[in-house]
Amino acid sequence: MENLISLVNKIQRACTALGDHGEASALPTLWDSLPAIAVVGGQSSGKSSVLESIVGKDFLPRGSGIVTRRPLVLQLHKIDEGSRDVPIHLSIYSPNVVNLTLIDLPGLTKVAVEGQPESIVQEIEMMVRSFIEKPNCIILAISPANQDLATSDAIKISREVDPTGERTLGVLTKIDLMDKGTDAVDILEGKAYRLKFPWVGVVNRSQADINKNVDMIAARRREREYFANTPEYRHLANRMGSEHLAKVLSKHLETVIKSKIPGIQNLINKTISELESELSRLGRPVANDAGGKLYMIMEICRAFDQNFKEHLDGVRPGGDKIYNVFDDQLPAALKRLQFDRQLSMENVKKLITEADGYQPHLIAPEQGYRRLIESTLVTIRGPAEACVDAVHAILKDLVHKAMLETLELKQYPGLRVEVGNAAIESLEKMREQSKKASLQLVDMECSYLTVDFFRKLPQDIEKGGNPTHSIFDRYNDSYLRRVGTTVLSYVHMVCASLRNSIPKSIVYCQVREAKRSLLDHFFTDLGKLEQKRLSSLLNEDPAIMERRSALAKRLELYRSAQAEIDTVAWSK
């Protein structure tokens with residue numbers, strides 16, 4: 001039983017520690033799931049005296065009127081003899097108590113006296129209700145025996161918030177102050193007003209006892225003697241007194257906790273999961289030695305490189321844009337080339353004539369064909385370069401996305417800048433190599449024509465042409481139009497070929513190389529850096545360091561509570 005109650009106190013101490021670390025937002029849900037005992041009653045009904053009797057210490061303020069002006073959360077912890085070196089912080093450690101958590105609430109009042117605001121009655125009631133309305137609050141309803149039970153503030157408000165009585169324990173105080181000839185037997189036996197749990201009567205110290213410095217041990221002994229020696233209460237003595245009340249409370253609290261363990265476990269496990277997730281997002285702390293720093297940088301870079309590759313491989317979005325360049329942008333750019341203008345009859349005649357020079361061609365204007373084809377194919381260099389640049393822009397964008405998705409790079413701004421610069425520098429080199437290779441494909445088509453294409457063309461003489469016609473007849477519109485059509489057919493054939501070969505070249509020189517060696521040069525230079533330079537790459541935002549430290553402390557507290565509650569859960 002004591003282990004179970006101690007567990008609750010440990011979790012509540014963890015809550016207090018979390019609040020001290022500025023993490024109060026995590027407290028309400030966890031606190032509300034833990035059972036506690038609230039002492040409620042009218043003013044001067046003996047609430048504070050009951051608490052002192054349970055604790056066995058004289059520590060609460062006393063006086064007339066409103067003495068308890070704010071709720072007091074009191075925790076009791078059982079320790080072994082000689083363990084008084086545990087610091088006291090909103091807790092009381094003693095070998096003479098059972099483990100309990102008690103809340104002393106201000107006394108309910110009916111009218112405001114001089115010096116008090118008119119709203120004092122409603123304010124106190126709202127304050128009390130805010131505690132005892134919680135389903136996990138066990139209500140200790142304090143009623144004085146020398147007053148009519150029908151007017152008990154504690155019973156009235158307890159019945160309103162706990163109509164079934166599952167959470168209410170009745171305590172009858174000031175039994176020794178009742179008028180002669182009267183007793184509280186009917187109440188204590190449950191005949192006057194029956195509660196779900198038996199009433200417990202207590203005899204607190206009088207003000208005279210307090211003035212005489214009567215200690216709690218003596219007060220408890222005298223209380224036991226009172227119930228044992230008073231004829232009216234002798235038969236009830238075994239379940240009367242502050243010590244019995246403390247045991248009843250502890251046992252009841254144990255029963256409640258056992259029913260709440262699964263819910264408390266879920267809350268703690270959920271909080272631990274959230275803390276671990278946030279710590280994971282913040283990343284690991286920086287290593288102290290150069291080797292550890294180098295390894296950490298390499299791991300972060302590999303994580304970035306993996307994210308980048310996943311974009312290209314389709315695991316993450318973005319890589320499909322490269323295919324769109326090949327399938328849409330390049331064909332559209334080739335279609336926009338104005339081959340018809342380049343192969344107009346005027347331009348065809350001009351280039352053929354210039355190519356013939358002083359000696360007109362005899363059968364076919366071969367040099368004219370070459371000039372026409374070269375001057376037309378060279379215009380394909382523009383779409384080829386644009387295709388390379390478009391893929392380069394996409395790769396740069398994917399680098400940016402991969403950096404944003406690599407959480408560790410957010411942790412170290414200096415490293416993020418260096419990795420970004422290194423990646424972009426590599427892409428620039430790959431673009432230049434790709435552009436060179438793509439333009440070479442175009443230049444190769446210009447430098448060597450496909451002979452088979454022209455061999456398959458029908459010859460004039462085979463179609464009934466007359467080679468004896470004047471050489472100047474060969475420059476008529478029909479002839480020039482046929483030359484232009486032939487060149488255009490050849491150019492279209494070459495375009496169809498380049499439409500397939502240019503994407504292959506770009507993928508080989510840019511995409512493939514980016515996947516293989518995006519950070520190779522960075523890794524090479526990294527191994528040459530001194531420890532001071534490595535440290536500068538891993539300079540971390542102080543706010544992140546503080547946050548990680550606070551989360552680690554919180555996580556340690558919750559894991560400790562988790563281990564304790566799991567042990568209790570298995571031992572049930």
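# Questions about strands, rings and a helix

Modeller: Six bridges join β5 to β6, and the two strands run parallel. One of the bridge partners is T168 in β6, which stands across from I139.

Colleague: What makes β5 and β6 a pair?

Modeller: Two strands pair if DSSP finds at least two bridges between them. β5 and β6 have six bridges, so they meet that rule. The elements themselves are DSSP runs, numbered from the N terminus: helices are H or I with at least four residues, strands are E with at least two.

This is a predicted model: local features need pLDDT of at least 70, side-chain atom pairs need 80 or more, while totals for chains, interfaces and linings use all residues. Residues are numbered from 1 along each chain as its sequence is written, and side-chain values use heavy atoms, without hydrogens or water.

Colleague: How many helices and strands does the protein chain have?

Modeller: There are 22 helices and seven strands. The chain has 572 residues, and 46% of them count as buried.

Colleague: How does β1 pair with β5?

Modeller: In the parallel sense, over six bridges. I37 has I138 of β5 as its bridge partner. G41 is opposite I142.

Colleague: Why is S143 called buried?

Modeller: Buried means under 20% relative accessible area, exposed means over 50%, and partly exposed lies in between (1.4 Å probe, protein chains only). S143 has a relative accessible area of 0%, so the residue counts as buried. S143 belongs to strand β5.

Colleague: What does S143 touch?

Modeller: Contact means heavy atoms within 4.5 Å. Not counting residues up to four places away in sequence, S143 touches L149, S152, A154, I155, V171, L172, T173 and W199.

Colleague: How do you know that β5 is mostly covered?

Modeller: Eight of its eight residues are buried. Both faces are covered. C137, I139, A141 and S143 are on one side, with I138, L140, I142 and P144 on the other.

Colleague: And what makes β1 mostly covered?

Modeller: Six of its six residues are buried. A36, A38 and V40 are on one side, and I37, V39 and G41 on the other.

Colleague: Which residues of helix α5 are buried, and what do they pack against?

Modeller: Helix α5 covers residues 153-161, and its buried residues are D153, A154, I155, I157, S158 and V161. They pack against β1 (36-41), α4 (120-132), β5 (137-144) and β6 (168-173).

Colleague: Is E189 partly exposed or buried, and why?

Modeller: Its relative accessibility is 25%, so E189 counts as partly exposed. E189 lies in the loop between α6 (185-188) and β7 (200-201).

Colleague: What does E189 meet?

Modeller: Leaving aside neighbours within four places in sequence, E189 is in contact with R194, H235, L236 and R239. E189 and W199 are 10 residues apart in sequence, and their C-alpha atoms are 7.2 Å apart.

Colleague: How many aromatic pairs does the structure hold?

Modeller: Five. One of them is Y226 with Y233, whose ring centres are 6.2 Å apart and whose planes are at 35°.

Colleague: Why is the pair of Y226 and Y233 called tilted?

Modeller: Rings of Phe, Tyr and Trp (its six-membered ring) pair if their centres lie within 6.5 Å; planes under 30 degrees apart are stacked, over 60 edge-to-face, and the rest tilted. The planes are at 35°, so the pair is tilted. Y226 is partly exposed because its relative accessibility is 23%. Y233 is at 2%, so Y233 counts as buried.

Colleague: And why is the pair of F453 and Y490 called edge-to-face?

Modeller: Their planes are at 70°, with centres 5.2 Å apart, so the pair is edge-to-face. F453 lies in helix α18 (residues 451-455) and Y490 in helix α19 (residues 477-517), so the pair ties together parts 37 residues apart in sequence. Both F453 and Y490 are buried.

Colleague: Which residues form one aromatic cluster?

Modeller: Y226, F227 and Y233.
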